[in-house]
Amino acid sequence: MNADEADISTLVRRVVRGESGGYLHLVRRFELGLRSYLACQVYCSADVDDLAQEVFIAAYRDLKSFREGEDFGSWLRGIARNRLLTYFRSQRRRTGALERFQQEAACVLAGEVEASFQGEGGERMERLLGCISKLPDRLRRVVRSGLREEKPALLAEELGTSVAAIYQMHYRAGKMLRECLGTGASF
């Protein structure tokens with residue numbers, strides 16, 4: 001074991017014994033390498049930040065499982081790999097949800113546009129536009145973004161929220177529009 005590995009093992013032992021301040025030294029020592037590893041896998045820097053934080057939190061919780069003499073950086077990358085797998089699975093689910101929302105919105109709008117061209121649905125189109133205008137500002141922005149096929153991550157950054165919150169707002173906006181069109185209710 002070289003001097004660097006001995007220092008790391010000493011820090012780990014101190015943190016496990018309850019000297020949590022030593023963990024900051026471990027984070028500083030391995031942060032750049034971990035963030036670089038994550039950035040090679042994930043495009044969005046905010047997601048890299050979130051993932052790095054999750055990895056360091058998970059590592060702190062599981063520090064007792066770290067075996068002395070192991071490469072701490074490799075151990076962290078193993079945790080990061082698991083977090084990345086979870087991240088990519090959730091991204092696929094979110095992308096699917098966004099695509100379903102866009103298809104649903106397109107179907108609603110296509111039916112409305114077709115009916116208005118045939119002269120029988122002009123009032124329904126007006127009702128749809130009226131329903132959209134009654135949405136709260138943030139939900140109206142989410143609907144416009146979805147119809148323009150903008151990336152949820154960009155909208156989340158613009159609105160100062162998370163991508164998960166954007167998907168929740170998509171769902172809520174769609175539900176409110178369906179209710180408004182079905183009943184003529186106001187929000």
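This report walks through the helices, the disulfide and the salt bridges of the structure above.

## The model at a glance

This is a predicted model, in which local features need pLDDT of at least 70 and side-chain atom pairs count only at pLDDT 80 or more, while totals for chains, interfaces and linings use all residues. Residues are numbered from 1 along each chain as its sequence is written, and side-chain values use heavy atoms, with hydrogens and water left out.

The protein has eight helices and zero strands. Here helices (H or I, at least four residues) and strands (E, at least two) are DSSP runs, numbered from the N terminus. Of the 187 residues, 36% are buried. Buried means under 20% relative accessible area, exposed over 50%, and partly exposed in between, with a 1.4 Å probe and protein chains only.

## A helix with a buried face

Let's look at helix α3, which covers residues 45-61. Its 17 residues reach 24 Å from the first C-alpha to the last, close to the 24 Å expected at 1.5 Å a residue; the expected span is 1.5 Å times one less than the number of residues.

The buried residues of α3 are D47, V48, L51, A52, V55, F56, A58 and A59. Seen down the helix axis, these buried residues fall within an arc of 165 degrees, so they line one face of α3. The arc is that of the directions from the helix axis to the C-beta atoms.

## The disulfide and other cysteines

A search of the whole structure finds one disulfide, meaning a pair of cysteine sulfur atoms within 2.5 Å. C131 is joined to C180, with an S to S distance of 1.9 Å. C131 lies in helix α5 (residues 122-134) and C180 in helix α8 (residues 163-183), so the pair ties together parts that are 49 residues apart in sequence.

Both C131 and C180 are buried. The torsion about their S-S bond is about -80 degrees, so the disulfide is left-handed. As for two other cysteines, C40 is exposed at 66% relative accessible area, and C44 is partly exposed at 21%.

## Salt bridges

The count comes to nine salt bridges, each a side-chain nitrogen of Lys or Arg within 4 Å of a carboxyl oxygen of Asp or Glu. In one of them, R141 pairs with E158, the closest N and O atoms being 2.9 Å apart. R141 lies in helix α6 (residues 137-147) and E158 in helix α7 (residues 152-159), so this pair ties together parts that are 17 residues apart in sequence. R141 counts as buried at 14% relative accessibility, whereas E158 counts as exposed at 52%.

Salt bridges that share partners also join R14, R17 and E19 into one network.
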